[in-house]
Amino acid sequence: MDLSATNESPLNRYGSLEEALVHRRAPVPNRVFLRTMLNRVPVERLMRADGGITVVRSDGGPDIQVRQGYSVGFMSEEDAIAAAGSEAPRWRSSRRPGMWAVDHPLHGRGSIIEAEELAAERGPVKASRAKGARAAKPKAEPKVKPAAQQERVQPVCPNCFMMMALSGVCGNCS
């Protein structure tokens with residue numbers, strides 16, 4: 001395959017799913033889930049992506065984005081069920097309209113995470129106070145730890161080269 005035609009560097013590719021999961025520090029339950037799910041999908045290659053792993057399908061289907069807590073890129077709910085099983089929570093993606101996503105066993109609040117990511121990408125929004133709504137309570141200032149006291153070093157007597165008391169008086173020479 002000519003990588004220059006696709007703008008892909010071999011450094012951006014993972015050699016295996018296991019390498020990708022270790023690199024992304026996926027928890028063990030999510031590793032088991034992702035191995036099972038991706039064994040049911042025709043995979044051409046795995047690519048490094050900001051915030052996750054991009055799974056390029058060999059059947060021409062859309063790429064699956066494996067993120068922390070969820071995977072998105074299924075063409076229909078049936079496609080998501082076929083890959084992840086009927087037990088996995090699934091939902092319509094707001095980031096990729098028309099796509100479906102599934103939650104991973106751990107940290108699987110994908111729809112909430114995706115909404116937060118979209119909000120962060122769009123920037124801050126002016127909050128309108130609804131009638132009767134209370135203002136948010138300001139967060140407490142973090143506690144400042146007191147500075148550690150500097151360790152005192154025992155001086156050495158310049159005459160006899162014995163350790164002096166911390167007071168600076170040599171008990172040997174005085």
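**A chat about a predicted model**

R25 is exposed in this predicted model, with a relative accessible area of 74%.

Reader: Where is R25 found?
Author: Let's start with its backbone: phi of R25 is near 55°, a positive value in a residue other than glycine. As for the spot, R25 is found in the loop between α2 (17–23) and α3.

Reader: And F161, is that residue buried or exposed?
Author: F161 also has a positive phi, near 60°, and isn't a glycine. You'll find F161 in the segment after α5 (110–122). Exposed means over 50% relative accessible area, and F161 comes in at 63%, so F161 counts as exposed.

Reader: What span does helix α3 reach from its first C-alpha to its last?
Author: Helix α3 covers residues 28–39, which makes 12 residues. At 1.5 Å a residue you'd expect 16 Å, and the model comes close to that, with 17 Å.

Reader: Why are the buried residues of α3 on the same side?
Author: The buried ones are N30, R31, F33, L34, M37 and L38. The face turned away from them carries the exposed residues V28 and N39.

Reader: How many charged residues are in the lining of the largest pocket?
Author: That pocket holds about 220 Å³ of space. It's lined by 16 residues, and the closest to its centre are R24, A26, R67, Q68 and G69. α3, β3 (52–57) and β4 (64–67) each supply at least two residues of the lining. Sorted by class, the lining has six nonpolar and seven polar residues, and the charged ones number three.

Technical notes: Residues numbered from 1 in each chain as written. Predicted model: local features only at pLDDT ≥ 70, side-chain atom pairs only at ≥ 80, totals over all residues. Heavy atoms only, no water. Helix = DSSP H or I, 4+ residues; strand = E, 2+ residues; numbered from the N terminus. Expected span 1.5 Å × (residues − 1). Buried < 20%, exposed > 50% of the residue type's maximum accessible area, 1.4 Å probe, protein only. 1 Å grid on protein atoms, 1.4 Å probe; cavity = no way out; pocket = protein on both sides within 12 Å on 5 of 7 lines; lining within 4 Å. Points joined across faces, edges and corners; volume = space filled by probe spheres on them. Nonpolar A, V, L, I, M, F, W, Y, C, P; charged D, E, K, R; others polar.
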